[in-house]
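I opened the model to look up a few positions and one metal site. My notes follow.

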Amino acid sequence: MEKLWASEALLPNGWARDVTVAVDAGRIAAVTANTPRSGADLGLLLPAPVNVHSHAFQRAMAGLTERRGPDPRDSFWTWRQLMFRFLDRLTPDDVQAITAFVQMEMLEAGYGASVEFHYLHHQPGGVPYDDLAEMSGRIVAAAEQSGAGLCLVPVHYQYGGCDMRDLGPGQVRFGNDAARFEQLHAAAGKALRALPADHMLGAAPHSLRAVRREDLGAFASRYPHGPLHMHLAEQSPEVDEVQASWGARPVDWALDHMGLDDRWCLIHCTQMTPNETQSLAATGAVAGLCPITESSLGDGIFDGVRWFDAGGAVAVGSDSNIRISLSEELRTLDYSQRLRDGTRAALATEQASTARRILDAVLAGGAQAAGRDSGAIAVGQWADLLALDSGSIHLEGRSGDQALDSWIFAGDDRLVRDVWSAGRHVVQNGAHIRREAIVAAYRKVIKSLGDAL
Ligand code: ZN
């Protein structure tokens, strides 16, 4: 039994002082406020949220796709060209090193666990590895090294569009028919057993464009355990394609055919009409928002004020991993609403400040989307915790919700000093405990890829 002590902590019923948290076998065993100090003061203790959407391998492309292609309006051109060259190269060793680096950065940013939306399954050219779940195994190995709580979501990706065209050359490493995906999913579940008990297996159809309509409708019953994820309504060309092919907008189609409920986490949901926003929020599904990536790709702005007011569940993820920053992800979410509406403190209420309302929401939504007992400093939960440095100049004289606002809007991830994932104390004094080895392996991969690209 390990005991942690913090001068201030966010508990389910609000802020408390002088809090002792007992951790046993990775879970919170007791929480007591107003206790005498024992050991070091951890500062300001918060539950650590889940990062609900990541394609880890894309981290290695960050910063390489900011040039214009021949058509200034073809925003995806440079990104897609690089992605194809990149996908011809990546080996399982590369993926493992990149993923460990990504998970390390997530932990250092204050996330306690991550959901990997995993679709890079096969060899270059599309032939499966001898072990169908080779790449899943590498993500598991990365999590063993980083100590990040992992929810692995193998992704079913079969077609290049709603018309069921073949996958393009850049997509063949992702592809499976429904039967082989089922085998892969089972094998990934076996690979996960190498991890501590807080691991989780989910399942995902990649998007409405990538899977047969009948398989989309049957997906939830075919995979009855664990969370379900899917990209939905990210960019307007996708809306046009689904509308033209199936006669309904993507969110409307999914609402009518997929039995959406609180097992689902729908990634982006950027392109919604007010009616779609209200109806989707009412299903209990989590909107998995990725505000930094959505800004980077020019996707558009989530209908956040309406969604929050409708009681919709939300979580955040880092998706393309162009930049991994929890504070910036939350700040961008609110700033995008302000820029669109010409308002301030867009998501605040009379009771909760902006950062408090958003953090409360992503703690609950992240846990739901990852099927993880986390999101609160409460008995029985995994000890996913983050401690902010209350000695930081950004927190001087601040406490409670004002301290959260100061972290998110005036500070950055450097305020995150310690992080635990299911009790594993992986970030200490602002740095991951295996940072040196993880960075060295990542540097090697970047060097060899850089030569090839
Ligand atoms: Zn994504």
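I listed the contacts of Arg 356 (heavy atoms within 4.5 Å), leaving aside its neighbours within four places in sequence: Leu 10, Gly 14, Trp 15, Asp 401, Leu 404 and Asp 405. The model is predicted, so local features need pLDDT of at least 70 and side-chain atom pairs 80 or more, while totals for chains, interfaces and linings use all residues. Residues are numbered from 1 along each chain as its sequence is written, and side-chain values use heavy atoms, with hydrogens and water left out.

I placed Arg 356 in helix H12, residues 354-370 (a DSSP run of H or I, at least four residues, numbered from the N terminus). Arg 356 is buried at a relative accessible area of 14% (buried is under 20%, with a 1.4 Å probe and protein chains only). Its side chain makes a polar contact with the side chain of Asp 401 at 2.9 Å (N or O atoms within 3.5 Å, one able to donate a hydrogen and the other to accept it; residues adjacent in sequence count only if both atoms are side-chain atoms).

Next I looked up the zinc ion. Its protein donors (N, O and S atoms within 2.8 Å of the metal, water not being among the atoms, so sites may look incomplete) are His 53 (NE2), His 55 (NE2), His 231 (NE2) and Asp 319 (OD), at 2.1 to 2.4 Å. I noted the sequence spacing of the donor residues as H-x1-H-x175-H-x87-D. His 53 lies in strand E5 and Asp 319 in the loop between strand E13 and helix H11, so the pair ties together parts 266 residues apart in sequence. I found His 53 buried at 0% and Asp 319 buried at 4% relative accessibility.

Methods. Helix = DSSP H or I, 4+ residues; strand = E, 2+ residues; numbered from the N terminus. Buried < 20%, exposed > 50% of the residue type's maximum accessible area, 1.4 Å probe, protein only. Donors = N, O, S within 2.8 Å, 3.2 Å for Na, K, Ca; no water.
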